[in-house]
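Have the sequence and the 3D view open side by side.

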Amino acid sequence: MINNPRPQRSIGMTSLVCLVVANMVGAGVYTTSGYSLQALGSPTRVLAMWAIAAVIAITGAIAYGGLSRQLVRSGGEYLFLSRAVHPLAGFMAGWISLLAGFTGAIAFAATTFVNYLPANLQIDSSREKTLVAVGLIICAALLHLFRTGTGAIGQNILVCVKLVAIALFIAIGLAAVDWPSAGAAADSAAAPGPDFSTYANQLMWISFSFAGFNASIYVAGEAKLGRRTVRRSMLFAAIGVSVLYLLINTVFLCTAPQEAIVGRGDIAAVVAKHLGGERLGLAVQLLVALSLATSVTAMLQAGPRVYVKMAEDGMLPAWLIPDGDVPRVAIVLQAVLAAVLVCAASIHDLLDYTSFLLSVSAGATVLCLLLPRFRGQPGKRPVVLWPVLPAFFVVATLGIAVVGCLYRYQQSPTSLMLSLAVVASGIGVYRVRPGRSGSR
């Protein structure tokens, strides 16, 4: 293990909450419900899936908070799995983040960002879209390259603007809801619905909209009053975003005619145009773009901290370790990898298989609460309702991952093959890593 000066604890509660919110609120909430409505056939059923996913996310936030109370360092899943299970388990979690998790998510968000820019900007060719997406990644990286506090302040402002805009849209939408009609739609949920696998598959996709509820753990080593702020920021953000998701999806599903939104990936834009015409539609389009931009900045802040911790433990090259409190080299590496993926032919297959790997990683991490290193002692357990609460999250998350894997295998075996390739390559790199004697 390489000794490194303790990082400056400069990230406060507000910045931590904004980091989690920025990681959570991305494209998923603005696109998923149209497809879910097509599959489930009832707005009530769709809202029920969002509510179940919210419970899983809040449970996960509590569980991760229990882990952070015992080990307040940056590193995320890598840190906990390497300490509670084995260095290889932690390395695989970090490898997934480096090769696909943060990198793929950043590339996807940047690419999707371009698609939500106003048409009058005339960004039409694939080359122009690629340049804009790469430019967004570069700007987000520059935001975090200098001082942690400066990047956090800029991100906080963007997140606050986004939340105010979402609140205004929800207020406009709720005022326009025809509640008697909404009640009639609820009655339709009593009719026979789809089979269990359809429900499970939709829950899987909706649950991915809650990904990022654990973002605080990636920068825990730089958080002021670490144990308290890290734990509370995840819980407060998870609860707040869950309420926001339920409200905004109520607007989506109960304002526009069902036939106008069923199966639509741009349900937010469709509903906005129904509520306020082209102007509100354009405003929501810009809101989605802002959400994606803040997601890129948040992930570029969180991801590099994992790689720094791995380098400190001898799992990755030592040149990733920063001299000060800003991991500049790791941020640049993260940005370069994401930019390379943007320039690749397509990243949708990448996200398809990484969603399974990341679910397994999250479930395995919370499972650490049941192992000797992090389960505490009788009368002083790390979380409430131990062991039921962590066990619920593990079973739910891994169950969703298995259903998703089986579904993807039926659609295309390529996704499973790519997942296995990531695991195999990670094991190979672990065996030849620079610091074979890294610390547990």
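Helix α1 is largely enclosed by the rest of the structure, because 9 of its 12 residues are buried (under 20% relative accessible area with a 1.4 Å probe, protein chains only; exposed means over 50%, and partly exposed lies in between). Among the buried residues of α1 are L16, C18, L19 and V20. Helices here are DSSP runs of H or I with at least four residues, numbered from the N terminus. Before going on, please note that this is a predicted model, where local features need pLDDT of at least 70, side-chain atom pairs count only at pLDDT 80 or more, and totals for chains, interfaces and linings use all residues. Residues are numbered from 1 along each chain as its sequence is written, and side-chain values use heavy atoms, leaving out hydrogens and water.

Of its 135 residues, Y30, F210 and Y245 touch the most other members. Helix α12 (residues 267–312) gives the most to this core, with 22 residues. Contacts of Y30 (heavy atoms within 4.5 Å) include I166, I248, F252 and L287, with residues up to four places away in sequence not counted.

Now turn to the loop between α14 (348–367) and α15 (388–411), where you will find P387. The peptide bond from W386 to P387 is cis, with omega near 5°. L385 sits in the loop between α14 and α15 too, and its phi is near 55°, a positive value in a residue other than glycine. L385 counts as exposed because its relative accessibility is 63%.

Key. Helices (H or I, at least four residues) and strands (E, at least two) are DSSP runs, numbered from the N terminus. A nonpolar core is a set of buried Ala, Val, Leu, Ile, Met, Phe, Trp, Tyr and Cys residues joined through side-chain atoms within 4.5 Å.
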